[in-house]
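Open the model in your viewer and keep the sequence panel beside it. The tour below goes stop by stop, saying what to select and what is there.

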Amino acid sequence: MPAEQGLRVLIAEDGAADRLLLAQIVRRQGHEVVTAENGEQAVALFAEERPDLVLLDALMPVMDGFEAARRIKAMAGEALVPIIFLTSMNEEQGLVRCLEAGGDDFMAKPYSAVILAAKIGAMDRLRRLQATVLEQRDELARHHHHLLNEQRVAKAVFDKVAHSGCLRSSNIRYLQSPYALFNGDLLLAAFTPSGDMHVLLGDFTGHGLPAAVGAMPLAEVFYGMTAKGYGLVETLREMNAKLKRILPVDMFCCALLLNLSFERGTVEVWNGGMPDGYRLSAAGEVLSVLQSRHLPLGILAPEQFDDRTDILPLTAGERVFLLSDGVVDTGDAKDRLFGVERLREVLAANRDPGQLFDEVMQALERFGGVPRDDISLCDIRMAEPGGLAPVAPVYSDSGRSSPLDWSLSLVLHADSLKRFNPVPYLLQFLQEIHGLRPSSAVLHSVLGELYSNALEHGVLGLDSRLKQDAAGFAEYYRERGRRLTALSEGFVRIALRVEPMAAGGRLTVEISDSGTGFDIEKVLARPASEKGLSGRGLHLVQRLGVRAQWLDQGRRARVEFGW
Amino acid sequence: MAVESDFSPDEKQLTIKVKGRFDFGKHQEFRDAYERLDPTPNSVVVDLKDATYLDSSALGMLLLLRDHAGGERSDIKVINTSSDVRKILAISNFEKLFDVS
């Protein structure tokens, strides 16, 4: 088969007759020919003319074919310049030398035009194949470089967003593989206005850019709603609805969300599709397992979404340990998985919490795991009330619109009480009053406390003494859910009044409920040591140094904020 | 073939068998098993007897199938699941969407 296109062929042959004959044969086959009389000339011509293929006599004066072949191959570099040795040698050793010197084929004298054409054709195919491979390799390298650069930029932007939260807070320890984001892992943490801490560990389906794309909107909802004082449930609903709306059907986000309330000594948990998290004692024993009870985010329509959370006690020093599936799903050479049991062994053996991550990583290594780039570990310690200093939000408006002379009264009846929490909306509104901003955290805590007291103890008639221990705690919240679902009458009324005063102003908040009231003196007289996990609300309000009064046999609470 | 599909004699139920690793590599084959059918049967059985492994993109593919077969109205059974596969389906709580056995 003749070569598809004319090639430039270098012929090096010391015999003039042979050289002419060969040149003629090759030219007739449609190629361009340059000729050399010895090896040295051949090397010089190669450098000058860059031929596509070389026919080289093995035995020549000045420089023989073997040396010339070595030099030509060195000059050609990665590109394939086929060399066909021309030889009258028949003994095996001679032919082997031709190939060892870099020759690709050989041709015995006397020359057959047909065989020469076939050999040039075959070599040309090899030459093109090599050229294509090199071209594709370079293109791949370019694309890869481009991709890495894009990932670097995207990661830098995302890190700004992700780290706008409080991951650096002193009670959080975390470890993430450098490009975990591009494997869909996501870790966010932020303070609520009342000083609680929200944490999200998420894992999007898939890898690469598609897995990272959903992270932005999720982070935005998380930070936006947390900063505005929305609870875990409202934030979850919004995140699910948003992801359902924007992600394709086959993409979703496994997520574990926490709300750590330092004031109440509780942690609220929602786990949809993430591996078990662990609630640990100060000494590191597993107190309970935070199992996945829900479908991941972005699968169910808003009306089917299950936003039920679990609320568990967590006292100062106790910890929550979270991880992504990259840890338990790390496989060894035989495709065995690291698994939950090996992880539990590491947890059981741990003595110093500061060493836990190192111990997990060492265990993965000992197990012979193939290193994965989607490992996230997070360890959050419960702090004493007021032990952490949340960063105050930055306001950008001038304050001119500050409304100082108004009142409003909002009454929520049974149906609204079941599904709606008015506190974030009211707080949002109160943020417009500049004088109140410095006490924004206290305002959040007090309003939140008084509203849950009115709902839980007033309307639902729950006894907070149930919350004596962990089991009672769970029972309390189960009962709360049952009673709320069954609720058919009752109300909570919130009245706000803002008045300008000589130097500043005053906000009066009254929250009343349809319940039977309580013996104010008796509850407030209970010493802190006896109350265990119960009755924190009232003490909390008192401890925050707010002027608080209970009227109508405990059915109405009144607090005042002045500035 | 790593993904095989089969109709019941009355042609009302489609069975899709997945063999080997059920991951992103099977994406096209899995979609081909049901997308070209007209009308799409509401009742689909996914047989994982010979599936050795299942990852999150396989869960995504199951969601695509569910969507295609009518979402809420679909009737999709995932059968012959190994204990490892069942564990993965359980963590994601996919039993709430699929009839897993």
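**Stop 1: a helix and its cover**

Select residues 232-246 of chain A, which form helix α8. This helix has 15 residues and reaches 21 Å from its first C-alpha to its last, close to the 21 Å expected at 1.5 Å a residue. Bear in mind that this is a predicted model.

Now color the buried residues of α8(A): A:Leu232, A:Thr235, A:Leu236, A:Met239, A:Asn240 and A:Leu243. They cover an arc of only 130° around the axis, so they sit on the same side of α8(A). An α-helix has 3.6 residues a turn, so residues three or four places apart point the same way.

What covers this buried side? Show β8 (197-204), α7 (215-227), β9 (253-261) and β10 (266-272) of chain A, which are among the elements that do.

**Stop 2: the nonpolar cores**

Select A:Leu218, A:Phe222 and B:Leu62. In the largest nonpolar core, of 91 residues, these three touch the most other members. Zoom in on A:Leu218. Beyond its neighbours within four places in sequence, A:Leu218 is in contact with A:Leu186, A:Gly202, A:Met239, A:Leu243 and A:Cys253. A:Met239 and A:Leu243 also belong to the buried residues of α8(A).

A second, separate core has 30 residues. Select A:Met60, A:Ala68, A:Ala69 and A:Phe85, which are among its members. In soluble globular proteins, nonpolar side chains tend to be buried together.

**Stop 3**

Move to helix α11 of chain A, residues 356-366. A:Leu356, A:Val360 and A:Leu364 are buried there. Look down the axis of α11(A): the buried residues fall within an arc of 80°, so they line one face of the helix. Turn to the face away from that buried side. You find the exposed residues A:Asp358, A:Gln362, A:Glu365 and A:Arg366.

The cover over the buried residues of α11(A) includes α9 (325-328), α10 (339-349) and β15 (376-381) of chain A.

Next, pick A:Leu175 in strand β6 (172-176) of chain A. Is A:Leu175 buried or partly exposed? A:Leu175 has 17 C-beta neighbours inside 10 Å, so it counts as partly exposed. Apart from its neighbours within four places in sequence, A:Leu175 is in contact with A:Phe357 and A:Leu377.

**Stop 4: domains and chains**

Color chain A by its domain assignment: domain 1 (8-134), domain 2 (163-381) and domain 3 (406-562). The C-alpha centres of domain 2 and domain 3 of chain A are 31 Å apart. Their contact takes 14 residues from domain 2 and 16 residues from domain 3. On the domain 2 side, strand β13 (310-313) of chain A gives the most, with 3 residues.

Now show both chains. Here 14 residues of chain A are in contact with 13 residues of chain B. The chain A side divides into 7 nonpolar, 5 polar and 2 charged residues.

**Stop 5**

Most residues other than glycine have a negative phi, and most peptide bonds are trans. Select A:Lys109 and A:Pro110: a cis peptide bond joins them, with omega about -5°. A:Pro110 is in the loop between β5 (105-108) and α5 (113-162) of chain A.

Finish in chain B. B:Asn80 has a positive phi, near 55°, and is found in the loop between β6 (75-79) and α3 (83-91). B:Asn93 has a positive phi of about 60° and lies in the loop between α3 and β7 (99-100). B:Asn80 is partly exposed, with 14 other C-beta atoms within 10 Å, whereas B:Asn93, with 20 C-beta neighbours inside 10 Å, counts as buried.

Definitions and conventions: Residues numbered from 1 in each chain as written. Chains lettered and ligands numbered in written order. Predicted model: local features only at pLDDT ≥ 70, side-chain atom pairs only at ≥ 80, totals over all residues. Core = buried A, V, L, I, M, F, W, Y, C linked by C-beta atoms within 7 Å. Buried ≥ 20, exposed ≤ 12 C-beta atoms within 10 Å, placed from the backbone. Contact = placed C-beta atoms within 7 Å. Nonpolar A, V, L, I, M, F, W, Y, C, P; charged D, E, K, R; others polar. Helix = DSSP H or I, 4+ residues; strand = E, 2+ residues; numbered from the N terminus. Arc of directions from axis to C-beta. Expected span 1.5 Å × (residues − 1). Domains from an automatic or database assignment.
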